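Look at the sequence and the fold together before reading on. The text below goes from the pockets to the annotated residues and then to one helix.

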Amino acid sequence: MNYLIVGLGNIGREYTDTRHNIGFMVADEAANQAGATWSLMKLAYYTEFKLKGRNVYMIKPTTFMNLSGKAVNYWMQELKVPIEHVLVVVDDLAIPFGSLRIKPKGSAAGHNGLRSIEATCGGQNYPRLRFGIGDNFPKGRQVDYVLSPFDADEQKELPALIDHAVKMIQSFVHIGIELTMTNLNTK
């Protein structure tokens with residue numbers, strides 16, 4: 001079986017450690033734990049590895065967040081991965097920092113990367129791992145907030161949270177979304 005894991009983020013040094021790039025951070029750690037290395041390929045950084053006999057393909061789109069769907073659609077077709085075996089790792093303002101939730105489908109909830117995926121991949125019926133970044137910003141400052149680094153207290157918690165997100169990815173590939181939701185979703 002083939003799986004495509006998509007870490008959402010923006011390319012460029014200025015975005016490296018920002019909240020909006022948590023998808024890239026999780027993908028990097030998943031690849032690191034698997035001993036995989038990234039290559040720059042069409043529309044994305046790409047890597048692959050085996051996990052319990054399954055093929056895991058992973059991308060970090062180089063299209064910038066708002067055009068992520070272009071890369072996801074291309075790699076889904078190229079690798080012949082069905083939409084239910086695609087997992088998108090994404091930052092989420094609607095849930096508190098530290099909450100990790102995997103879901104089989106859902107709305108874009110204002111997230112431009114998810115909106116792009118919906119538009120190019122045929123709707124909302126694809127799994128996503130929502131990494132809570134909270135909404136601790138003044139009215140009208142959402143863009144500044146998501147494009148800023150995690151604060152010092154959050155940075156202390158980040159390694160354990162990223163590691164838990166990697167466990168969720170591994171579980172998704174190994175035992176499926178339903179059991180992963182039951183066993184590993186956090187408040």
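**Pockets, annotated residues and a helix**

The largest pocket holds about 460 Å³ of space. Of the 24 residues that line this pocket, the closest to its centre are His20, Gly110, His111, Asn112 and Gln142. A pocket here is an open set of points on a 1 Å grid over the protein atoms alone, where a 1.4 Å probe fits, with protein on both sides within 12 Å along at least five of seven lines; lining residues have an atom within 4 Å of a point. Grid points are joined across faces, edges and corners, and the volume is the space filled by probe spheres set on the points.

The model is predicted: local features need pLDDT of at least 70, side-chain atom pairs count only at pLDDT 80 or more, and totals for chains, interfaces and linings use all residues. Residues are numbered from 1 along each chain as its sequence is written, and side-chain values use heavy atoms, with hydrogens and water left out.

α4 (142–146) gives the largest share of the lining of the largest pocket, three residues. Helices (H or I, at least four residues) and strands (E, at least two) are DSSP runs, numbered from the N terminus. By class, this lining has 10 nonpolar, nine polar and five charged residues. Ala, Val, Leu, Ile, Met, Phe, Trp, Tyr, Cys and Pro count as nonpolar, Asp, Glu, Lys and Arg as charged, and the others, Gly among them, as polar.

Under "binding site", an unreviewed UniProt entry lists Tyr15, Phe64, Asn66 and Asn112. Of these residues, the lining of the largest pocket includes Phe64, Asn66 and Asn112. UniProt positions follow the numbering used here, feature names are shortened, and annotations may be inferred rather than shown by experiment.

Where does Tyr15 lie? Tyr15 is in the loop between β1 (2–7) and α1 (22–34). Apart from neighbours within four places in sequence, Tyr15 is in contact (heavy atoms within 4.5 Å) with Asn10, Asn21, Phe64 and Leu147. Asn66 sits in the loop between β4 (54–61) and α2 (68–79), and touches Asn112 and Ser116, not counting residues up to four places away in sequence.

The second largest pocket has about 170 Å³ of space. α1 gives the most to its lining, with three residues. Just after α1, Gly35 takes a positive phi of about 75°.
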